[in-house]
Amino acid sequence: MTFGATSSVERVVAAGRAAYPAIVASDELRALIAPHADAALAGGDTRAADLYLAMACARGDTAAIAHLDGTLPSIIRPALARLGGAASDDDEIVQRVRVALFTSTSERKAGIAGYSGRGDLRSYVRAVAAKLALKRLEREEMPSPDDDSETLALLPSDGDTPALRLLKERSRGDLREAFGAAIAALGARDRTLLRQHYVDGSSLDALAALHGVHRATCARWLASAREDILSALRKRLRAALGLEPREIESAIEIVRSQLDLSLSRHLRSRSSG
């Protein structure tokens with residue numbers, strides 16, 4: 001596809017290159033700009049530069065993503081403060097906005113691709129953040145359903161011995177409560193990683209790119225978070241039920257065997273609605 005020097009696309013490119021000279025103006029980028037060029041130009045050079053930056057991010061340009069990513073906290077935090085959320089949640093919301101904007105999956109495009117140039121890019125980012133923050137506030141205000149999704153592994157089955165069945169019955173109620181508490185006790189980075197992996201479906205490679213580390217580091221962080229959860233559950237069982245060490249380890253191994261499934265169900269139930 002070619003674009004004339006005086007076309008709307010080239011006018012957007014000119015505005016974009018003036019504002020962001022590190023971003024390469026490729027034909028692929030021009031093709032993404034084309035459907036929205038006229039709308040962006042109606043808002044002047046600033047809006048045109050916004051479209052150039054956003055579509056470069058949608059294309060996966062590392063310089064564009066690094067620039068917009070670096071501005072996210074300053075764009076998002078004032079909006080979150082107006083919503084009245086806890087300041088301690090801000091880092092997690094910023095991370096979730098990063099995923100929503102820059103990460104694509106087999107089911108959806110990266111959210112930044114939805115920017116049309118009709119409004120200010122900062123307003124578009126704030127809208128994404130507000131939607132995520134409001135969902136979080138709604139989840140906190142609404143009681144969670146009383147189910148065993150996060151302790152599915154402790155449901156009795158036909159193959160259980162009488163001793164194992166008794167252990168499951170004794171542990172399940174305490175473990176249901178402790179599972180959510182263990183996740184809440186994790187650091188913001190680990191909670192965010194778990195949600196990005198289990199709810200957003202981000203692969204290790206995507207997480208590594210998002211957090212600017214090697215994929216092995218992300219794998220280590222995820223493994224450490226899972227072990228921290230199991231450690232917290234172990235302490236809860238010991239304190240609440242006075243189980244013998246052997247019984248505690250039996251219960252923990254049952255949970256460990258289905259931990260990924262339990263985490264996925266638990267986190268999805270608190271990320272919907």
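I started with Asp205, which is partly exposed, with a relative accessible area of 47%. I use buried for under 20% relative accessible area, exposed for over 50% and partly exposed for in between, with a 1.4 Å probe and protein chains only. This is a predicted model, so I kept its limits in mind: local features need pLDDT of at least 70, side-chain atom pairs count only at pLDDT 80 or more, and totals for chains, interfaces and linings use all residues. Residues are numbered from 1 along each chain as its sequence is written, and side-chain values use heavy atoms, with hydrogens and water left out.

Which residue forms a salt bridge with Asp205? I found Arg215, with the closest N and O atoms 2.7 Å apart. A salt bridge here is a side-chain nitrogen of Lys or Arg within 4 Å of a carboxyl oxygen of Asp or Glu. The pair links distant parts of the chain, since Asp205 sits in helix α10 (residues 204–211) and Arg215 in helix α11 (residues 215–241), ten residues apart. Helices are DSSP runs of H or I with at least four residues, numbered from the N terminus. Arg215 is partly exposed as well, at 40% relative accessible area.

**Around α10**

I listed the buried residues of α10: Leu207, Ala208, Leu210 and His211. They cover an arc of only 165° around the axis, so they lie on the same side of α10; the arc is that of the directions from the helix axis to the C-beta atoms. After α10 comes Gly212, and its phi is positive, near 70°.

**Other salt bridges**

I noted five salt bridges in the structure. One of them joins Arg98 and Asp69, with their closest N and O atoms 2.3 Å apart. Arg98 lies in helix α6 (residues 90–102) and Asp69 in helix α5 (residues 62–83), so this pair ties together parts that are 29 residues apart in sequence. Both Arg98 and Asp69 are buried.

Arg189 pairs with Asp190 in a salt bridge, the closest N and O atoms being 3.1 Å apart. Arg189 is partly exposed at 39%, whereas Asp190 is buried at 9%.

**A look at Asp260**

My last stop was Asp260, in helix α13 (residues 259–269). Buried or exposed, or in between? Asp260 is partly exposed, because its relative accessible area is 42%. Leaving aside neighbours within four places in sequence, I found Asp260 in contact (heavy atoms within 4.5 Å) with Tyr198 and Arg226. Tyr198 and Asp260 are 62 residues apart in sequence and 8.0 Å apart in space, C-alpha to C-alpha.

How values were computed
Helices (H or I, at least four residues) and strands (E, at least two) are DSSP runs, numbered from the N terminus.
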